[in-house]
2 protein chains.
Amino acid sequence: MQAVFWMTVGLLCLAPGLSLAQRPRPCRSPLLYTGSLTVATQNEKLWAVGKYAYDAVNQRVHLGEIGHYNNKSFIFDTLFLFDEGVLYEINRHNRTCVKKALQSDFHPMEVPKDAAFVSQVVLGSSSSPGQGLLVNNWWGDIPGTKGHYLVSFTEFGCFPVSALSQTKDFGWVSISYYDNILGAEPSWFIPPPFCEDATLVENEDGKVTDFFSVFH
Amino acid sequence: MQAVFWMTVGLLCLAPGLSLAQRPRPCRSPLLYTGSLTVATQNEKLWAVGKYAYDAVNQRVHLGEIGHYNNKSFIFDTLFLFDEGVLYEINRHNRTCVKKALQSDFHPMEVPKDAAFVSQVVLGSSSSPGQGLLVNNWWGDIPGTKGHYLVSFTEFGCFPVSALSQTKDFGWVSISYYDNILGAEPSWFIPPPFCEDATLVENEDGKVTDFFSVFH
């Protein structure tokens with residue numbers, strides 16, 4: 001009887017350690033992949049669908065979107081070359097190109113190190129193989145604002161699944177990520193030929209563009 | 001050369017047929033399962049997390065939620081017995097129970113037959129096993145209102161993943177479903193002992209409660 005008691009005490013002492021070991025840790029997404037995304041905002045000002053190619057090795061992102069902003073449709077096709085400090089706003093229809101300075105550092109796609117773990121859940125079902133996806137949910141403060149974020153990454157592979165972030169301009173911004181495929185064609189990160197002669201322009205207010213200001 | 005031409009014509013003619021055959025069809029979820037859900041609304045009036053047990057064989061649903069409605073916290077614990085035409089609002093803390101008539105027919109969890117197929121996507125990634133979940137997205141009109149819905153179900157197993165629906169009271173209502181497990185304990189559909197003496201009460205306005213009015 002005493003043995004059972006001490007075994008129970010032992011298990012109870014062990015339990016918190018086990019649960020800590022099993023607690024997911026913030027992860028960084030694969031270095032090279034492509035995928036699709038949908039963006040929607042709480043105030044319905046912005047809605048977009050798009051595709052991205054992400055290369056953390058050479059610090060390059062190509063993002064293409066079509067959508068509505070303030071009831072006007074837009075096409076967004078921008079190549080961010082962080083290691084060169086430039087971005088290209090590409091208009092394939094007119095074969096024109098605007099080259100701008102990109103002051104922002106490259107931010108890898110990851111769960112921020114200081115994010116708080118919220119929960120681990122299975123989208124779909126864990127009852128049969130192929131019917132569920134194990135994801136981790138994380139919560140945190142957006143630096144420099146009073147806003148918060150809630151992001152969801154897959155447990156296996158660390159692919160982004162969804163991101164909710166609080167903004168001043170849009171209220172909550174919801175981004176869904178899907179159709180992620182490991183790898184990317186190198187050509188997606190090369191500016192098209194008609195960009196070759198583009199000269200570096202500064203923004204109207206004289207400030208250089210950073211990664212986030214292009215979305216506003 | 002002519003053979004290649006006709007082969008091409010043949011393939012082009014075949015292509016629409018193939019794509020029709022591969023187009024997902026509206027599906028009905030498994031008959032018996034349990035899962036969790038999160039509810040959030042565009043106007044931020046309502047926020048809730050909960051668990052459900054779903055039994056389409058005997059037309060029973062048990063839904064438990066905790067959340068905030070109009071800045072007040074609430075606990076919702078309701079057992080819907082559609083075949084008996086009653087629901088039980090259960091208060092486990094006070095061991096009290098309200099029994100109400102349930103006029104609504106049982107609606108199985110499914111993609112409505114007239115829903116329009118939007119897209120098939122992989123949440124996460126299809127590059128490695130266990131890192132992705134194949135889901136189908138469907139769009140439609142909510143009967144009797146001018147609202148629309150967008151629902152997402154897994155391709156394999158037909159489990160609900162998410163639902164967005166337009167409402168008058170809340171704007172867009174977003175529900176995420178997860179942790180679905182096939183099967184359910186029968187006891188979850190039996191009213192607790194302290195419900196035995198509950199007498200049938202009508203709503204204040206004399207109308208009987210239907211499945212959707214309990215959420216408002």
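Trainee: Which side chain meets B:Glu110 in a salt bridge?

Mentor: Bear in mind that this is a predicted model, where local features need pLDDT of at least 70, side-chain atom pairs count only at pLDDT 80 or more, and totals for chains, interfaces and linings use all residues. Residues are numbered from 1 along each chain as its sequence is written, chains are lettered from A and ligands numbered from 1 in written order, and side-chain values use heavy atoms, leaving out hydrogens and water. A salt bridge is a side-chain nitrogen of Lys or Arg within 4 Å of a carboxyl oxygen of Asp or Glu. Here the N to O distance is 2.8 Å, and the partner is B:Arg28.

Trainee: How many residues apart are B:Glu110 and B:Arg28?

Mentor: Helices (H or I, at least four residues) and strands (E, at least two) are DSSP runs, numbered from the N terminus. B:Glu110 sits in the loop between strands S6 and S7 of chain B, while B:Arg28 sits in the loop between helix H1 and strand S1. The pair links distant parts of the chain, 82 residues apart.

Trainee: How many salt bridges does the rule find across the interface of chain A and chain B?

Mentor: Over all chains, a search of the whole structure finds ten salt bridges. Across the interface of chain A and chain B, the number is zero.

Trainee: What area is buried between chain A and chain B?

Mentor: Contact means heavy atoms within 4.5 Å, and 25 residues from chain A and 25 residues from chain B take part. Buried area is the accessible area (1.4 Å probe) that two parts lose on being put together, summed over both. Carbon and sulfur atoms give 52% of it, and the total is about 2,000 Å².

Trainee: Which strand gives the largest share of the side of chain A that touches chain B?

Mentor: Strands S7, S8 and S11 of chain A each supply at least two residues of that side. The largest share is seven residues, and it comes from S11(A).
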